[in-house]
Amino acid sequence: MATQRPVRVMDPFAREFWEYAEKKELRMQKCGECKKLRWPAAAVCDKCLSSEYSWEQLSGKGQVLSWIVFHRQYFPEYPAPHPAVAVELAEGPIFVCCMPPEFEGKDLADALPMELTWLDAEDRFGEYNLPVFKPAGK
Ligand SMILES: [Zn+2]
């Protein structure tokens, strides 16, 4: 059963991102001019202002850049302890996410290898696959 999550921000570009997530494909927009990966999804490139892009599939690999463990519950959907981790993706962008519920954040360390996994989630737009990262091989 899908876990209720805070409502996603939804615009035409985010909608395309979530359509790929439906197929468990983590993709980001790649600028058609300067080739920079655009995250979060947006109408124009923040480097060269081009509106051209394609959706680049990512490797699902990265490493811990930073993290925090919340010991107080702020959202009913995220009981404490609740880690939030900034993952530097192998392709460069920084992806901030939660972790699967079995991870309390105790094992996180600087530059720890991380890998993509998916959580069953639901909000007012319906059920969806939420991309998150966990320690590689765990
Ligand atoms: Zn660009």
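# Exercises on pockets, salt bridges and backbone

The largest pocket has a lining of 27 residues, and Arg8, Trp18, Tyr78, Val96 and Leu130 lie nearest its centre. The model is predicted: local features need pLDDT of at least 70, side-chain atom pairs count only at pLDDT 80 or more, and totals for chains, interfaces and linings use all residues. Residues are numbered from 1 along each chain as its sequence is written, and side-chain values use heavy atoms, with hydrogens and water left out.

## Exercise 1. The largest pocket

Task: Describe the space and the lining of the largest pocket.

Solution: 

- Step 1. The search uses a 1 Å grid over the protein atoms alone; a pocket is an open set of points with protein on both sides within 12 Å along at least five of seven lines, the probe is 1.4 Å, and lining residues have an atom within 4 Å of a point.
- Step 2. Find the elements. Helix 1 (12-22), strand 6 (82-89), strand 7 and strand 9 (126-135) each give two or more residues to the lining of the largest pocket. Helices (H or I, at least four residues) and strands (E, at least two) are DSSP runs, numbered from the N terminus.
- Step 3. Read the volume. The largest pocket holds about 780 Å³ of space. A volume is the space filled by probe spheres set on the points.
- Step 4. Sort by class. The lining has 22 nonpolar, 1 polar and 4 charged residues. Ala, Val, Leu, Ile, Met, Phe, Trp, Tyr, Cys and Pro count as nonpolar, Asp, Glu, Lys and Arg as charged, and the others, Gly among them, as polar.

## Exercise 2. The second largest pocket

Solution: 

- Step 1. Strand 8 has the largest share, 3 residues.
- Step 2. By class, the lining of the second largest pocket has 12 nonpolar, 2 polar and 4 charged residues.

## Exercise 3. Val96 and its patch

Task: Is Val96 buried or exposed? Which residues make the nonpolar surface patch?

Solution: 

- Step 1. Locate Val96. It sits in strand 7 (residues 94-98).
- Step 2. Apply the cut-offs. Buried means under 20% relative accessible area, exposed over 50%, and partly exposed in between (1.4 Å probe, protein chains only). Val96 counts as exposed because its relative accessibility is 60%.
- Step 3. Name the patch. Leu65, Ile94 and Val96 make a nonpolar surface patch of about 270 Å². Patch residues have over 30% relative accessible area and no salt bridge; like charges are joined within 9 Å, nonpolar side chains (Val, Leu, Ile, Met, Phe, Trp, Tyr) within 5 Å.

## Exercise 4. Salt bridges

Task: How many salt bridges does a search of the whole structure find?

Solution: 

- Step 1. Define the contact. A salt bridge is a side-chain nitrogen of Lys or Arg within 4 Å of a carboxyl oxygen of Asp or Glu.
- Step 2. Count. The search of the whole structure finds 6 salt bridges.
- Step 3. Take Arg8. Arg8 and Asp123 are buried.
- Step 4. Take Lys36. Lys36 lies in the loop between strand 2 (27-31) and strand 3 (37-38), and Asp46 in the loop between strand 3 and strand 4 (53-57), so the pair ties together parts that are 10 residues apart in sequence. Lys36 is partly exposed at 32%, and Asp46 is exposed at 59%.

## Exercise 5. Backbone

Task: Which residues does a cis peptide bond join in the case of Pro81? What is the phi of Lys24?

Solution: 

- Step 1. Recall the background. Most residues other than glycine have a negative phi, and most peptide bonds are trans.
- Step 2. Check the bonds. Ala80 and Pro81 are joined by a cis peptide bond, with omega about -5°. Pro81 lies in the loop between strand 5 and strand 6. The Trp39 to Pro40 bond is also cis, with omega near 0°.
- Step 3. Check phi. Lys24 has a positive phi near 55° and lies in the loop between helix 1 and strand 2.

Methods. Areas by Shrake-Rupley, 256 points an atom, 1.4 Å probe, with all protein chains shown as cover.
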